[in-house]
Amino acid sequence: MASRDFILPDLGEGLTEAEIVNWLVAEGDTVVVDQPIIEVESAKSIVELPCPFAGVVEKLHAAVGDTIHTGQAVVTVAVEGGATDAAAAPSGDAAPGRRAVPSGRFGRRGLIEEPRETAEVRGMAATAPSPSPRRRDDAAGRSPVVSPLVRRLARDHGFAAHSIAGSGQGGLVLRSDVERRIAENGAATARASAATAQPAAIASAAGDIRIPITGLRKVVAERMAASRREVPEATIWLDVDATELLEAKEQLQRSTGERWSLNALLARFVVAGLKQWPILNSSVDMAAGEIVQHSAINLGVAAQTGRGLMVPVIHGAGELTTEGLRDALTTLVETAKTGNFPNDQLRGGTFTLNNYGGFGMDGSAPIINQPEVAMLGVGRILDRPWVVDGQIVVRKIMVLSMVFDHRVCDGDIPSEFMAFMTRCVQNPIALLGGL
C-alpha cells in the first residue's frame with residue numbers, strides 16, 4: 001500500500017487558514033472517495049472537506065482546535081496498490097499520477113445544530129442533536145466539541161474546550177460545561193491570590209488574558225485597517241422625522257396581517273435611490289485606474305452575528321419587490337444568530353445598509369466595506385421636539401448618516417441621495433406608490 005497525503009485545498013476568497021472543528025474519522029478507519037473526513041471553520045463559514053481518495057487512515061496531522069494552512073498535509077491515507085487517482089496536490093496543477101482537489105469541490109455544511117442548552121442561551125429553540133455516528137474523539141482522547149461558540153468561549157478564558165469532560169450525549173462538551181470550568185478556574189484563582197497575598201500589581205498582571213486574533217476577527221481587522229489606509233472617506237448626516245415611516249409600517253402590518261420591519265422599508269428606499277444615483281453602486285479598480293459601476297444592486301446588511309461582525313448580501317436586490325426584500329432580510333436575521341452564512345452570501349456586495357440604532361446609537365462614521373464605495377447608516381428613533389407647520393410638537397426622530405469614497409464622487413451626489421432618503425422616510429406612502 002502507498003501512502004498519500006490529503007492537502008488542505010484553497011478555501012477561496014483569499015482565505016489561507018482554517019481551524020479544525022471536528023474529525024469525522026480516526027486513525028485506522030477505512031474511507032472512500034469523497035467521504036467527508038473533517039470539519040473546518042474558516043473566517044467565512046464551517047465546511048466539511050471530502051477525502052479525494054480511498055484507503056485506510058494512517059495519520060491525522062492535527063488535532064481539534066488546531067489551525068491548519070492551505071498546502072499543509074491534513075491526513076495521510078494508505079491507498080491500496082498505490083492508486084494514482086488519489087492524491088491532492090498542494091498547488092493548482094496536479095502532480096504526475098495525482099489529481100488536484102478543486103477549490104469548490106466541498107460544499108458548505110448545513111446549519112450546525114447545538115444542544116438545547118446552548119441554543120436557548122442565544123434565544124433559539126432547538127432540539128439537542130444526537131452526535132453523528134462518524135464523530136469520535138481524536139487519538140489523544142480529547143472530548144468532542146460541536147459548537148464553535150463553545151470552543152471560542154473556552155479559548156477566550158484560557159483553555160481548550162476539548163480538554164474538559166463533556167456532559168452531553170456521547171461526551172459532547174456543552175456551554176454549561178465550559179461555564180462551569182470558568183467558574184471553577186475563577187474560584188481557584190481567588191483562593192490562590194488570597195493564600196499568597198501577592199501585591200495588587202502582580203495579581204493584576206497575572207490575570208491578563210491574551211486573545212488570539214484569528215478567524216473572522218483577523219479578517220475583519222485586516223480589511224478595516226486596509227479601508228482606513230486606502231479610502232479617502234467622508235461622512236454626512238441628517239436628522240429625519242420618521243413619524244410617518246413608523247405609521248406606514250403599522251399600516252402595512254394591519255393590512256397584510258404580516259410582520260414588517262423598518263429595515264425592509266429602508267432597503268426598499270435604498271434600492272430606489274441607487275437606481276437614480278448608480279455611481280454609489282460602484283467599486284474602485286485601482287490597478288486599472290477605473291471606477292466600476294455595477295449593473296446589479298447587491299445589498300449588504302451589516303450584522304452582528306454569533307461569530308462576529310459580518311455583511312451578508314442580498315443578491316439581485318434591485319429586482320426584488322418590497323415583500324421580497326422583507327423576506328430576504330427575515331432569513332438573514334435568522335441566520336445571523338449563528339453566523340453560518342454560505343460563502344456566496346458573504347461576497348459580491350455593492351452597497352451596505354448599517355442599522356446601528358439597535359445598539360442604542362444615534363449616529364456613526366463607519367468604515368467603508370471595501371470594495372464598495374458607500375454605506376448608509378441608520379440611528380435609533382427617539383421622541384424629540386420638532387417644528388411642524390410653525391408649531392413645536394413631539395415627533396419620532398432618527399439620524400441618517402452616509403459614508404462615501406471621495407475618489408468616486410464629490411459631496412453633491414451623496415447629498416442628493418440623502419435628501420431622497422429623507423423624503424422617503426418623512427413621506428413613505430407617497431413614494432412607495434411610485435416604486
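A search of the whole structure, which is a predicted model, finds 16 salt bridges. Some of these salt bridges share partners, and in this way E258, E323, R326 and D327 are joined into one network.

**Salt bridges**

- The side chains of E233 and R228 meet in a salt bridge with an N to O distance of 1.8 Å; E233 counts as partly exposed at 22% relative accessibility, and R228 is likewise partly exposed, with a relative accessible area of 45%.
- R326 and D327 form a salt bridge through their side chains at 2.9 Å, N to O, and here the partners fall into separate classes, since R326 counts as buried at 8% relative accessibility, whereas D327 counts as partly exposed at 37%.
- A salt bridge at 3.6 Å, N to O, brings together the side chains of D362 and R384; this pair links distant parts of the chain, with D362 in the loop between β16 and β17 (374-378) and R384 in strand β18 (residues 382-388), 22 residues apart.
- Both members of that pair are partly exposed, D362 with a relative accessible area of 26% and R384 with one of 25%.

**Nonpolar cores**

- The largest nonpolar core has 51 residues, and those with the most contacts inside it are L245, V270, L280, F351, L376, F417 and M421; helix α7 (residues 262-276) supplies the largest share of this core, namely 10 residues.
- Leaving aside residues up to four places away in sequence, F417 touches V270, G273, L274, W277, L280, F351, L376 and M402.
- Another core, of 23 residues, lies apart from the largest one and has A18, V40, C51 and F53 among its members.

**The hairpin of β10 and β11**

- Strand β10 (residues 282-285) and strand β11 (residues 290-293) run antiparallel and are joined by four bridges, and within this pairing V284 stands opposite I291 in β11.
- Four residues lie between the two strands of the hairpin, where G289 takes a positive phi near 65°.

**T350 and its surroundings**

- T350 is placed in the loop between α8 (322-336) and β16 (351-355), and this residue is buried because its relative accessible area is 4%, which falls under the 20% cut-off.
- The side chain of T350 makes a polar contact with the side chain of N281 at 2.5 Å.
- N281 is also one of the residues that T350 touches when those up to four places away in sequence are not counted, the others being L280, S282, H294, A296, I297, N298 and E372.

**G168 and its surroundings**

- G168 lies in the loop between α2 (148-156) and α3 (175-196), and at 16% relative accessibility this glycine counts as buried.
- With residues up to four places away in sequence not counted, G168 touches L174 and D177.
- Between G168 and P144 there are 9.6 Å in space, C-alpha to C-alpha, while in sequence these two residues are 24 residues apart.

Key. Residues numbered from 1 in each chain as written. Predicted model: local features only at pLDDT ≥ 70, side-chain atom pairs only at ≥ 80, totals over all residues. Heavy atoms only, no water. Buried < 20%, exposed > 50% of the residue type's maximum accessible area, 1.4 Å probe, protein only. Polar contact = N/O pair within 3.5 Å; in protein donor to acceptor, adjacent residues only side chain to side chain. Contact = heavy atoms within 4.5 Å. Salt bridge = Lys/Arg side-chain N within 4 Å of Asp/Glu carboxyl O. Pairing = 2+ DSSP bridges. Core = buried A, V, L, I, M, F, W, Y, C linked by side-chain atoms within 4.5 Å.
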